[in-house]
Amino acid sequence: MAAVTSVPLAEELAFRGFLLRRFISPDFEAISPQEVTWFAILASSVMFGLLHGRLWIAGVFAGLLFAIVFKRTGSMGGAVAAHAVANAMLAAYVLFFGQWHLW
């Protein structure tokens, strides 16, 4: 359950709420989602991917997706929702097919 609720919230606050905008300015709170740059999106997504260990490539792609949702919607809620849906779909796949190595 935490993988679909608290983990997306915590990771999105850290990576899209802070790090993505911190790559642009030390005053990260002054940076709106629409102002984030492609460099910041890529750099924060690589760091997000590395957090996910041996599944780092999938993590980078997921980070890119969540950052683009954040930029396009202008909302942390959109990124959290996308992350929660992705985690829920992954959990369902792992449980249904017994692919525990993906978890």
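**Exercise 1.** How are H1 and H4 oriented to each other?

*Solution.* The structure is a predicted model.
Step 1. The axes of H1 and H4 come within 9 Å, and their crossing angle is roughly 130°.
Step 2. Angles over 145 degrees count as roughly antiparallel, and 65 to 115 as roughly perpendicular.
Step 3. H1 and H4 are therefore oblique to each other.
Step 4. Their crossing is right-handed. On the side of H1, the contact involves Val7, Pro8, Leu9, Glu11, Glu12, Leu13, Arg16 and Gly17; H4 contributes Met76, Ala79, Val80, His83, Ala84 and Asn87. Sorted by class, this contact of H1 with H4 has 8 nonpolar, 3 polar and 3 charged residues.

**Exercise 2.** Determine how H3 is oriented to H4, and describe their contact.

*Solution.*
Step 1. The axes of H3 and H4 cross at roughly 150° and come within 7 Å.
Step 2. Because of this angle, H3 is roughly antiparallel to H4.
Step 3. H3 passes H4 in a right-handed crossing.
Step 4. Phe66, Val69, Phe70 and Thr73 of H3 meet Met76, Gly78, Ala79, Ala82, His83 and Ala86 of H4. The residues of this contact of H3 with H4 comprise 7 nonpolar, 3 polar and no charged.

**Exercise 3.** Describe the largest pocket and its lining.

*Solution.*
Step 1. The volume of the largest pocket is about 480 Å³.
Step 2. Its lining consists of 16 residues, of which His52, Leu55, Asn87, Leu90 and Leu102 are the closest to the centre.
Step 3. Helices H1 (6-22), H3 (56-73) and H4 (76-97) each give two or more residues to this lining.
Step 4. By class, the lining has 11 nonpolar, 4 polar and 1 charged residues.

Notes:
Residues numbered from 1 in each chain as written. Predicted model: local features only at pLDDT ≥ 70, side-chain atom pairs only at ≥ 80, totals over all residues. Heavy atoms only, no water. 1 Å grid on protein atoms, 1.4 Å probe; cavity = no way out; pocket = protein on both sides within 12 Å on 5 of 7 lines; lining within 4 Å. Points joined across faces, edges and corners; volume = space filled by probe spheres on them. Helix = DSSP H or I, 4+ residues; strand = E, 2+ residues; numbered from the N terminus. Nonpolar A, V, L, I, M, F, W, Y, C, P; charged D, E, K, R; others polar. Axes fitted to C-alpha atoms, helices over the stretch in contact; angles between N-to-C directions. Parallel < 35°, antiparallel > 145°, perpendicular 65-115°, else oblique. Left-handed = near helix turned anticlockwise from the far one by under 90°. Contact = heavy atoms within 4.5 Å.
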